[in-house]
Amino acid sequence: MNKKIISLTKVLLKNSFQRYNENNKKTSKIGKILLYAVLVVYLIGIFGFLSYGLITTLQQVQQEAMFIGVFLLGLALLTIIQSIISVTNVFYFSKDLEYILPLPLKPNEILISKLNVILVTEYVMELLFAVAPITAYGILTSAGVMFYIISLLVLIIFPIIPILIATFIIMIIMSFSKGVKNKDRFRLIAPLLGIILALVLSFSLSGTSEITDEELINAITQANSMVEMISDKLPIIKPAINAIVNSDFIEFLKLLGITAIIYIAFILIGNKLYFRGAVGNLSSGSKKGKNITTKDIRNSSVGKSYVAKEFKMLFKNPIFFVQCVLPSVLMPVVFLGIFIVSISSNNSQESIKQFQNVIGSFIETPIGLAIVLSITEFLTSMLYIAPTAISRDGQNAIFMKYIPVSYYKQLIYKGIPSVVFGTITSIIVIGFVYVIAAPSVLFLLTVLILNLVLLILQTILMELVDLKKPKLEWSTEYAVVKQNLNLLWPFVLNLLEIGIIFIVTIPLSFANYLIIALVILVLHIIITYFVNKYVYKNQDKLFDKIN
Amino acid sequence: MININNVSKSYVKGKKSVDALNLEIKDGEIFGFLGPNGAGKTTTIKMITGILNSDEGNILIDGKDIKKEGISAKKNIGFVPDTPDIFLKLKGIEYLNFMGDIYEVPTDIRKTRIEELTKKFEIFDNLNEEMQSYSHGMRQKIVICGALLSNPKNWILDEPMTGLDPKASFDLKEMMRKHAKEGNCVFFSTHVLEVAEKLCDRVGIINKGKLIFVGTFEDMKAKLKDNGSLEELFLEITQDE
């Protein structure tokens, strides 16, 4: 890699990684590092724990190798979906291209630097999601040093091809952007199209090897056959699995070879494809509007107008919409949709009814309620509206300080979109619960109300997280949402919340679910009351960092 | 009227960015705030508008303490920040309606003011476009229109002429004069000494956080030895410190 690429990569990375507020010198650096270390360890611990459970279960049927297969396939899919969103942002939406294009750089130097940025982001993700499962596997299978060395090498090489696939999909879509009039809307649709395309591709690939019940039984009885089945989908999965499972260096070299060939081919094609789409993208929103009429000048209340502005800023900014809103709304549709389709296509009408009866009799119990609430909690942890409520305004955040509206009210207005979109997620989940379990309306209503109460608390707490460490100095919107450590907090808080729900539920699991609902409701209303009181009392102090 | 009483602010312990500042900007007056880069101009403006809290002293806007009665004090301020890149995804008209709502400007007054201000600045025809498509100067103009929409008594403008074309700059100066003549108060910071000389009733010069001169340009000239150019005067004052 030449010097130019390395220094451009460094600049692009520095530009997007979080810079802490210069004024904030009171809290020590060690404290910050310690705090995030605890968060990271906490998340790694959870993934480690989950992997431990899965591997020990698989070990009982001597299928532990299957874990690596499933894990790598999951990692590849996660990388593709994540990269689709990152690529649209880093390659096409960031303002830096306007400054980079006039520099004496070769197209492939820019392309490789931008790919490097995505790769580094994926390595950070691997640190969170991949280290624990691999280590758990190594310990449980009493693997030797070679296992860890080869696993590390595989994890370094493995994300490259999924990233290239994602980049290629987006490049193809973006190359059509030149003729499009409303660029912002196109930017919003592009990653959506990309994810759909990636899902369709993976389904059409898996469609050829659909697993029936019989095959499943066979697969479990025949060692390693599950792994074989998965590995058909991506050329890198098989060598990666073999390299890790058998600590086989030759297989790793195979993986390296395939990756190198595809990488070189990609750079050759990518050069032309990228700049065709990217240059067409630079000029956006310059269309001439019609003159205003007196109807366009209208009055609203302060609150209504403020909330409307918040929604507009989310909807009109494709990066913010795609990163902060979409995951929590799209994920339930994708996952639950796939689930419903797979149940209804693989089973007879009667067996569906039977399935519904089993779930239906179980759903209206305390544990059933806790599970439904946990699913929504998990999904809304991907809602990044509240933890970026202040940061999204960037340097405009000082606006909040000089207008004649109290900070407390502004925080409430800023939180409303988060509660609205969280409620949409909750309604999707409720719809799904209704389809598979057909519980009573009372149950569904209970879930809706509880979710709302949880969401309100979650929103206020996440706004506090953002106020504590706002990321206001950014030149690209991408930096606010992608490389922002504050966004670990929704995960942590919601996992904690799930824990609390179960702690309340388990000792009372013999009771009616409505009693549990009441306990959760009252508990959260009390907590929200005190948090709200704290925010109201300390509003001036809380806004100190915005200046 | 703006009263700044013994105000200090430091970002780093032991180093005051603004040091014991005392100023009174009377009604009917245009006051120019001058000083080299990093002298404390923007910090002062941020404290006047409530963006920053002072460590010591108080600031009164028409008798209302910006710290204690922030909301009612802010209602009397029209503030133009130094960077006009604000809410660029909104259309011009959406931004002005939003500002009108925040400052509770009644619809009929709003209609007249929007038309009057935007036609004067020649951006009326662009109001239905997103502000991200505006040039720097147009953005500056729309931010000024937004700040002046509610016709606040006190105008606080941070480098308002930056990016404006000569006509817009001329119009803004005229508006500032008219506003002051109507018994209101205009406080603005600038680097352009000629603008300050022609426009201001009084100027204040701040250097290293300390106010080193307050008075008219005539006072300034009289205070110094020889009748040099404006730049020489300015340099002499700030270098002496």
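**Contacts between chains A and B, and two helices of chain A**

In the predicted model, 32 residues of chain A are in contact with 36 residues of chain B. On the side of chain A that touches chain B, the elements that give two or more residues are α14 and α18 (399-402) of chain A. The most is given by α14(A), with six residues. By residue class, the side of chain A that touches chain B divides into 10 nonpolar, 14 polar and eight charged residues.

Helix α14 of chain A covers residues 302-316, and Lys316(A) is placed in this helix. Lys316(A) has 21 other C-beta atoms within 10 Å. A residue counts as buried if 20 or more other C-beta atoms lie within 10 Å of its own, so Lys316(A) is buried. Leu330(A) is 14 residues apart from Lys316(A) along the chain, and the C-alpha atoms of the two residues are separated by 18 Å.

Burial was also examined in helix α12 of chain A, which covers residues 237-245. Nine of the nine residues of α12(A) are buried, so this helix is largely enclosed by the rest of the structure. The buried residues of α12(A) include the isoleucines Ile237(A), Ile241(A) and Ile244(A), together with Pro239(A), Ala240(A), Ala243(A) and Val245(A). Lys238(A) and Asn242(A) in α12(A) are buried as well. Just after α12(A), the backbone at Ser247(A) takes a positive phi of about 45°.

Key
Residues are numbered from 1 along each chain as its sequence is written. Chains are lettered from A and ligands numbered from 1 in the order in which they are written. This is a predicted model: local features need pLDDT of at least 70, side-chain atom pairs count only at pLDDT 80 or more; totals for chains, interfaces and linings use all residues. A residue is buried if 20 or more other C-beta atoms lie within 10 Å of its own, exposed if 12 or fewer, and partly exposed in between; C-beta atoms are placed from the backbone. Helices (H or I, at least four residues) and strands (E, at least two) are DSSP runs, numbered from the N terminus. Two residues are in contact if their C-beta atoms, placed from the backbone, lie within 7 Å. Ala, Val, Leu, Ile, Met, Phe, Trp, Tyr, Cys and Pro count as nonpolar, Asp, Glu, Lys and Arg as charged, and the others, Gly among them, as polar.
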